[in-house]
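Good morning, colleagues. Please bring up the sequence and the model, and I shall take you through one part of the fold strand by strand.

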Amino acid sequence: MSDLFTPLSLRGTEIPNRVMVSPMCQYSCQPVGLATEWHRVHLGSRAVGGAGIVMSEAAAVEPRGRISPNDLGIWSRAHADALAPITGFVRSQGSVPAIQLAHAGRKASTYPPADGYGPVHGDDGWTPVGPTDEPWPHDEPLATEALDQAGIEGVIDAFREAAEFALEAGFEIAEVHGAHGYLLHEFYSPVTNAREDDYGGDFGGRTRLVREVTAAVREVWPDEKPVFVRLSATDWLPDRESWTVDDTVRLAGDLAEIGADLIDVSAGGVHPDQGLPDTGPHYQTPLAEAVREANDVAVGAVGKITTPEGADEVIRNGRADLAIVGREHLRDPYFTLHAADALGRMDDARVPVQYRRGF
Ligand SMILES: Cc1cc2nc3c(=O)[nH]c(=O)nc-3n(C[C@H](O)[C@H](O)[C@H](O)COP(=O)(O)O)c2cc1C
């Protein structure tokens, strides 16, 4: 039986424990898309804290794929160079550096949460793209462009090239961001995809873009390194035609065949009308469980996993292969070391030599 401190081997990559730092935007890049000292300290301290995988925030594969003007990017060598010292440091602490490759689609060009999430109009903003020209329903929506065939091919190429830059930067795991109402989710959800070409219509058409993007990343990502895909397992819109858990179970199987090694199971984000369930502890873990039960692919559970005992339970009971911890890592960069202490597993933890007298 596995537990929180059982290493996980995916392809040739050894992950020392089952805790992953969930991707979390820091809205702190200056100039455009470049990682800063903030990212080095933020990601570095979670590696010092012992997490098995330290995942970057959403890194845009092209400038118009940023959510906000301050998002991280990975569309050039300069972006890779800015990230390289961070991956080196994360690895030096025994953690596995991972990057989330993202495109914000029609949810692009917005202000960071601290500035109210609203659309950025004018010179500081840009034109979002989506499956159709239907904009995200802001109070003052941004004119949005529907991607044509050439535009779709451009997006797939951008993901492929971003993966190449990520590899140069030293990342071990690439995660395709296919969740939260951003571009890939906008294509697979019937709520946002009304296309009538090969990238719309039935399940096969709507999921084509996320499958082709995953295949493109897999193509350039080395065989011995894992590829993850984050999906929204449900649109939380049960009263209309929308994306469901059954759809996710099916798509996870298709992605595994293409070479995805782990499905990171999140939910929601495609439309503001969504009806969130009770977002209590582990509220999304049953979604991960459903994907894991039906498929021969590793899964990660995310959503209000905040305690050592809770994270351990998810792994021990075979509900998921990774416990993905977001906001608790903002409160406690040393979550994994504290979990080892609470669970009596300090022998399996990696306390940096500089800190041993503190533990
Ligand atoms: C500040 C912040 C930024 C986030 N940025 C991202 C992101 O870049 N990519 C992503 O997939 N999810 C993002 N999320 C969602 C988290 O990764 C996670 O799925 C969510 O917070 C639920 O997990 P938690 O309850 O452990 O925080 C973000 C969440 C927060 C709080």
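Predicted model: local features only at pLDDT ≥ 70, side-chain atom pairs only at ≥ 80, totals over all residues.

Let us begin with strand β13, residues 322-325, where Leu 322 and Ile 324 point one way, Ala 323 and Val 325 point the other way, and all are buried. Buried here means under 20% relative accessible area, with exposed over 50% and partly exposed in between, using a 1.4 Å probe and protein chains only. In general, side chains in a regular strand alternate between the two faces of the sheet. Helices (H or I, at least four residues) and strands (E, at least two) are DSSP runs, numbered from the N terminus.

Residues are numbered from 1 along each chain as its sequence is written, and side-chain values use heavy atoms, with hydrogens and water left out.

Which strands pair with β13? Strand β3, residues 19-21, runs parallel to β13 and is joined to it by 3 bridges; strand β12, residues 298-302, also pairs with β13 in the parallel sense, over 3 bridges. Two strands count as paired if DSSP finds at least two bridges between them.

Helix α9, residues 308-316, makes a right-handed β-α-β unit with β12 and β13. Right-handed means that, with the strands pointing away from the viewer, the path from the first strand over the helix to the second runs clockwise. The buried residues of α9 are Pro 308, Gly 310, Ala 311, Asp 312, Val 314 and Ile 315. They pack against α8 (285-294), β12, β13 and α11 (335-342), where contact means heavy atoms within 4.5 Å. Just after α9, Gly 318 takes a positive phi of about 65 degrees.

Moving to α8, we find Thr 285, Leu 287, Ala 288 and Val 291 buried. They lie on the same side of α8, because they cover an arc of only 155 degrees around the axis; the arc is that of the directions from the helix axis to the C-beta atoms. The cover over the buried residues of α8 includes α7 (245-258), β11 (262-266), β12 and α9.

How many residues of β11 are buried? The count is 5 of its 5 residues. Leu 262, Asp 264 and Ser 266 are on one side and Ile 263 and Val 265 on the other, so that both faces are covered. 

Strand β10, residues 227-232, pairs with β11 in the parallel sense over 5 bridges, and Val 229 stands opposite Ile 263 in β11. From β10 the chain crosses through α7 to β11, and this β-α-β crossover is right-handed. Between β11 and β12 there are 4 bridges, again in the parallel sense, and Leu 262 has Ala 298 as its bridge partner in β12. The chain passes from β11 through α8 to β12 in a β-α-β crossover that is right-handed.

Finally, His 177 is found in strand β9, residues 173-178. His 177 counts as buried because its relative accessibility is 4%. Leaving aside neighbours within four places in sequence, its contacts include Gln 100, Tyr 182 and Arg 230. Thank you.
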